[in-house]
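Hello,

Here is the structure I said I would pass on. Please look it over; my notes come after it.

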Amino acid sequence: MSKTKEQKLPKWFDGEVYEKGGVVQNRFGGDEIELNNIELSMYDLVMGASIMTEMGGFDDIVAKDLRRGLDWFRQYSPEAYMVLLD
């Protein structure tokens, strides 16, 4: 996986920061990609916000976190974004 920019979690990130990464599968198409610990931490925040949005149990903060998380992936890990979130 090629990284174009050094990855850091933004100040607004309030999720759990994992020590290790892992392989993640796209829930719709089945494609897989290996994420490092930073990417996996952000991915879980994005997916949690996405599920809350789908269930209708969200507020402006959740919607904002979802948008910012997707933007983070586009900037710092575009390959993972394309495989998992596009």
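Below is what came out of it, starting with the overall fold and ending with the pocket.

Please keep in mind that this is a predicted model.

The overall fold

The chain contains 3 helices and 2 strands. Read from the N terminus, their order is β-β-α-α-α. The radius of gyration is 12 Å, close to the 12 Å that the globule rule gives for 86 residues, so the chain is as compact as a globular protein of that length. The C-alpha trace spans about 35 × 30 × 20 Å along its principal axes.

Of the 86 residues, 37% count as buried. The chain exposes about 5600 Å², and 50% of that area is supplied by carbon and sulfur atoms. If you take the contacts between residues at least 6 apart in sequence, 60% of them join residues at least 24 apart.

The largest pocket

The largest pocket has a volume of about 160 Å³. It is lined by 13 residues, and the closest to its centre are Arg27, Phe28, Met47, Leu84 and Leu85. Which helix gives the most? That is helix 1, with 5 residues.

By residue class, the lining of this pocket divides into 8 nonpolar, 2 polar and 3 charged residues.

Regards

Conventions:
Residues are numbered from 1 along each chain as its sequence is written. This is a predicted model: local features need pLDDT of at least 70, side-chain atom pairs count only at pLDDT 80 or more; totals for chains, interfaces and linings use all residues. Side-chain values use heavy atoms; hydrogens and water are left out. On a 1 Å grid over the protein atoms alone, a cavity is a set of points where a 1.4 Å probe fits but cannot get out, and a pocket is an open set with protein on both sides within 12 Å along at least five of seven lines; lining residues have an atom within 4 Å of a point. Grid points are joined across faces, edges and corners, and a volume is the space filled by probe spheres set on the points. Helices (H or I, at least four residues) and strands (E, at least two) are DSSP runs, numbered from the N terminus. Ala, Val, Leu, Ile, Met, Phe, Trp, Tyr, Cys and Pro count as nonpolar, Asp, Glu, Lys and Arg as charged, and the others, Gly among them, as polar. The radius of gyration is taken over C-alpha atoms; the globule rule is 2.2 Å times the number of residues to the power 0.38. Buried means under 20% relative accessible area, exposed over 50%, partly exposed in between (1.4 Å probe, protein chains only). Contact means heavy atoms within 4.5 Å. Accessible areas come from the Shrake-Rupley method with a 1.4 Å probe; for residues, only the protein chains shown count as cover.
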